[in-house]
Amino acid sequence: MEEELNALKNEVRILTSKNKERAQVAFSASLYGSVGFKNFGPHEEATTLVYDNVFTNIGEAYDKNTGIFTAPVKGVYFFNYVVFNPSDYATGIFTAPVKGVYFFNYVVFNAGYKKDSQTVLLIEAMMKLEIGIVLLLCTWTTLADDLMNPTLDILSELKKIKTMEEELNALKKEVRILRSKNEERAQVAFSASLYGSIGFKNFGPHEEATTLVYDNVFTNTGNAYDSTTGIFTAPVKGVYFFNYVVFNPSDYATGVRLLKNSNFVVAASDNPNGQDREDTTSNSVSLALEQGDQIHLQLMENRRVYEDTWRRNTFSGHLLFAL
Ligand SMILES: [Ca+2]
């Protein structure tokens, strides 16, 4: 029984420390948030891009004045950036030393995996607790038999068992709290493509902006994405990462907006076929959402999106962490 108790204590200590380790870090920014437009470069030397229009900066690890992100904890980070340049100059950003970046979430995904393993550990801990209780009862029974044995120090044994019982109760309480903390963490992730049927389909152009309904669902953990309306509804307050890729090889320009509660957040666009050599465009953003906030994608006025069985139009969203 002592070994069981020690093992449980050790397990609770590890779980508690793992819970405290979870850092919440996420940022998302665009390059320019003012009215009008601005060209950055060309300069003779590589220059840092300072993304000063901040959407999200949980953990305050991104400095919008310098464009530099400083890792607050040791961990694996995921960064994502989207570059747009319709001018006669090449962007070249892909070969430049990038100091300003967009977004990361791997530290959170890692936490998600830890959570899974913790859930398993906690179940084990509960099982061991039950075994511990059974062992304790057996000990009492044995003790009752041993009452007749004059060689046993009854008082000492009783004291020992009493202490163990108290420890067990404390451990049970701690495991209950740890388990409830784990259960509180919502798991939300969806991913879908625009058209899952055979053949191909053009969406638009229409005179008015229309909601794009991504009905070919790959993942919808938490059922927060509605594949009949194309609308994602945040089930919990938290930071979410959204990413979408748009493909359109037609003679119409393409353009897709991401909207939060019907308000514009970011866009992705591309010229008609023949005007450039690219048919794909995309954008990403991390947003701090309240429970019930809605996100959807909208095809712009007089623009087109093309989809076929290659599934080149996708819309994905993931909860990084609850707030
Ligand atoms: Ca194009």
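**Strands, turns and cores in a predicted model**

Asn6 is exposed, with 11 other C-beta atoms within 10 Å. Asn6 sits in helix H1, which covers residues 2–21. Along the chain, Asn6 and Glu167 are 161 residues apart, yet their C-alpha atoms are separated by 10.0 Å. All of this, and everything below, refers to a predicted model.

Stepping back to the whole chain, the secondary structure amounts to three helices and 17 strands. Out of 323 residues, 27% are buried. Contacts also reach across the sequence: taking those between residues at least 6 apart, 75% link residues at least 24 apart.

On to the sheets. Strands of a sheet pair through backbone hydrogen bonds, and the pairing can be parallel or antiparallel. At the S8 end, S8 pairs with strand S5 (residues 189–193) in the antiparallel sense, over five bridges. Within that pairing, Ser191 has Thr219 of S8 as its bridge partner.

Strand S12 (residues 254–260) is worth a paragraph of its own, as several features come together there. S12 runs antiparallel to strand S13 (residues 263–270), and seven bridges join the two. One of the facing pairs is Lys260 and Asn263, the latter in S13. S12 and S13 make up a hairpin with two residues between them, and Asn261 in the turn has a positive phi of about 50°. Ser262 lies in the loop between S12 and S13 as well. Its phi is also positive, about 70°, although Ser262 is not a glycine. Ser262 has 8 other C-beta atoms within 10 Å and is therefore exposed. S12 itself is another story: five of its seven residues are buried, so the strand is mostly covered. S12 also pairs with strand S15 (residues 294–299), again antiparallel, through five bridges. In that pairing, Leu259 stands opposite His296 of S15.

A positive phi turns up elsewhere too. Arg311, a residue other than glycine, has phi near 55°. Arg311 belongs to the loop that connects strand S16 (305–308) with strand S17 (314–322). There are 16 C-beta neighbours inside 10 Å of Arg311, so the residue counts as partly exposed.

The backbone has cis peptide bonds as well. One joins Gly41 and Pro42, with omega at about 5°. Pro42 falls in the loop between strand S1 (26–30) and strand S2 (53–58). Another cis bond runs from Gly204 to Pro205, where omega is near 5°. Pro205 is likewise a loop residue, placed between strand S6 (200–203) and strand S7 (210–211).

At least three residues of the core come from each of domain 2 (26–103) and domain 3 (189–322).

Key. Residues numbered from 1 in each chain as written. Predicted model: local features only at pLDDT ≥ 70, side-chain atom pairs only at ≥ 80, totals over all residues. Pairing = 2+ DSSP bridges. Helix = DSSP H or I, 4+ residues; strand = E, 2+ residues; numbered from the N terminus. Buried ≥ 20, exposed ≤ 12 C-beta atoms within 10 Å, placed from the backbone. Contact = placed C-beta atoms within 7 Å. Domains from an automatic or database assignment.
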